[in-house]
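Me: I am new to this structure and would like to learn how to read its features. Please take me through them step by step.

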Amino acid sequence: ISDTRKLGSYLNLTPAFTVTENWVDREFSETDTVKGFNRAATWSLSATANTKLFGTLPGIGPIRTLRHVFFPQATLSFSPEFEGLTYTHTELDSTDSTTITRTTRRSRFPGVSASESRLLTLSLDQSLEAKIGSGENPKKVSLFRWLLTTRYNFLADPGARAWGEINSNFTGLLGSSLSFNSSHDPYRHFRFNDFQVTGVGYRMSGRLPGGGDDLTPEGDTVPTGRDESLTSVGADPSLGAHAGARRDANEPLTWSANFTISYGGNRDPATEQFRTAAGLNAGFEAQLTKNWNLSYQPIRWNITDGRIEGDSFQLTRYLHCWEATFGRSRYGDETSFYFKIGIRDMPDIRYQQGRQGATGLEALGDILP
């Protein structure tokens, strides 16, 4: 439940009260994990204040005007500790001379946050825009967008850091896809903890021989009693009149490739060393025949170390209203395989083996004990 009110001419205030009902299928304890249906309800309060400010600067040369837009926002949030949804976890911290017993409270249910929380979240979103050209309809160009975020933890332990990292996201330089993401340590003169520069991507595409208008010479006709779809390269005569229903007879066979270069680095918290690396993300996809599609992406190449850190390919065969897919993914030293066959218009009806980028409930099942 939320409501937005305007305070004065510029400030917007949005208080909110949130109740969350969780249904889970297992419960954690100090000694065991018990499967079974459980429910857990939590609530929280928050208040958000924001405003939007504009500043206009005179232009230079073909630039008629510059407009600087500020969007500062602050959110204060609170949630109590739900003792009935937690249990006490005990662990021993041993040194050469002493053994200390530490106790913490942990959630009884997966995905349910039951600890007390008091946070202040701050953000500043700003952009610079320009009007270029003369006449009644000048062109509007976005020069950049810069988002800064951080937060303050009112419940930080004594001596611990209450302020979190300052995250910076710089995008849209001169309307391009160039982006610069970084995080900074407010307790160490705002030094870099990590950064990532993603360059402008490049994409190529084209046609493969054997598709589209190349299938039937101009002026020729398809023999009577023969399905027109069988004229496409790759059509399977054994499928009868429905062969190749995945693509139209005159649809061309296409290919596409994309490349994006990135450069980034991060600081090792143990050694304080800052390590950087350049990388290339690439991908390729081709409709090899009317019924066969090959996708090889993403390819992650570490240029600095001269090795491919991960890649994946997927081969798909269209079978009228069905489709079969085989894929292989590799990242580091881990390789996984995947096979699926199912109805294209009814994806829930399928048979599958292996693992393919699990999300939602499939991903949740992978991490639960």
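Reply: Start with accessibility: a residue counts as buried under 20% relative accessible area, as exposed over 50%, and as partly exposed in between. R330 has a relative accessibility of 24%, so R330 counts as partly exposed. Keep in mind that this is a predicted model.

Me: Is D311 buried or exposed?

Reply: D311 is buried, because its relative accessibility is 6%, and the cut-off for buried is under 20%.

Me: How should I read a salt bridge, and what is the case for D311 and R330?

Reply: Side chains of opposite charge can pair when their charged atoms come close. D311 and R330 form such a salt bridge, with 3.5 Å between the closest N and O atoms. This pair links distant parts of the chain, with D311 in strand β17 (residues 307-319) and R330 in strand β18 (residues 322-331), 19 residues apart.

Me: How many salt bridges are there?

Reply: The count comes to 15 salt bridges. One of them joins R307 to D305, where the closest N and O atoms are 2.7 Å apart. R307 is partly exposed because its relative accessible area is 41%. D305 also counts as partly exposed, because its relative accessibility is 33%.

Me: Which side chain meets E116 in a salt bridge?

Reply: The side chain of R118 does, with an N to O distance of 2.9 Å. E116 has a relative accessible area of 32%, so E116 is partly exposed. R118 is partly exposed because its relative accessible area is 39%.

Me: Now pockets. How do I read them, and what volume does the largest pocket have?

Reply: Rolling a probe the size of a water molecule over the atoms shows where empty space is left. The largest pocket has a volume of about 310 Å³. Its lining consists of 18 residues, and those closest to the centre of the pocket are Q196, A277, A278, N302 and E309.

Me: Which strands supply at least two residues of the lining of the largest pocket?

Reply: They are β12 (191-198), β14 (253-267), β15 (274-287) and β16 (292-302). The strand that gives the most is β15, with seven residues. Sorted by class, this lining holds nine polar, six nonpolar and three charged residues.

Me: Which residues line the second largest pocket?

Reply: The lining is made of E81, T86, R105, A114, S115 and E116. Three of these residues are charged, two are polar and one is nonpolar. The volume of the second largest pocket is about 150 Å³.

Me: Next, the surroundings of a single residue. Where is H89 found, and is H89 buried or exposed?

Reply: H89 is found in strand β6, which covers residues 86-94. With a relative accessibility of 15%, H89 counts as buried, because the cut-off for buried is under 20%.

Me: What does H89 touch?

Reply: Leaving aside residues up to four places away in sequence, H89 touches E30, R102, T103, T104 and R106. Two of the side chains around H89 also make polar contacts with the H89 side chain: that of E30 at 3.1 Å, and that of R106 at 3.4 Å.

Me: Where is H320, and what is its phi?

Reply: H320 is in the loop between β17 and β18. Its phi is positive, about 55°, and H320 is not a glycine. H320 counts as partly exposed because its relative accessibility is 29%.

Conventions:
Residues are numbered from 1 along each chain as its sequence is written. This is a predicted model: local features need pLDDT of at least 70, side-chain atom pairs count only at pLDDT 80 or more; totals for chains, interfaces and linings use all residues. Side-chain values use heavy atoms; hydrogens and water are left out. Helices (H or I, at least four residues) and strands (E, at least two) are DSSP runs, numbered from the N terminus. Buried means under 20% relative accessible area, exposed over 50%, partly exposed in between (1.4 Å probe, protein chains only). A polar contact is a pair of N or O atoms within 3.5 Å; within protein, one must be able to donate a hydrogen and the other to accept it, and residues adjacent in sequence count only if both atoms are side-chain atoms. Contact means heavy atoms within 4.5 Å. On a 1 Å grid over the protein atoms alone, a cavity is a set of points where a 1.4 Å probe fits but cannot get out, and a pocket is an open set with protein on both sides within 12 Å along at least five of seven lines; lining residues have an atom within 4 Å of a point. Grid points are joined across faces, edges and corners, and a volume is the space filled by probe spheres set on the points. Ala, Val, Leu, Ile, Met, Phe, Trp, Tyr, Cys and Pro count as nonpolar, Asp, Glu, Lys and Arg as charged, and the others, Gly among them, as polar. A salt bridge is a side-chain nitrogen of Lys or Arg within 4 Å of a carboxyl oxygen of Asp or Glu.
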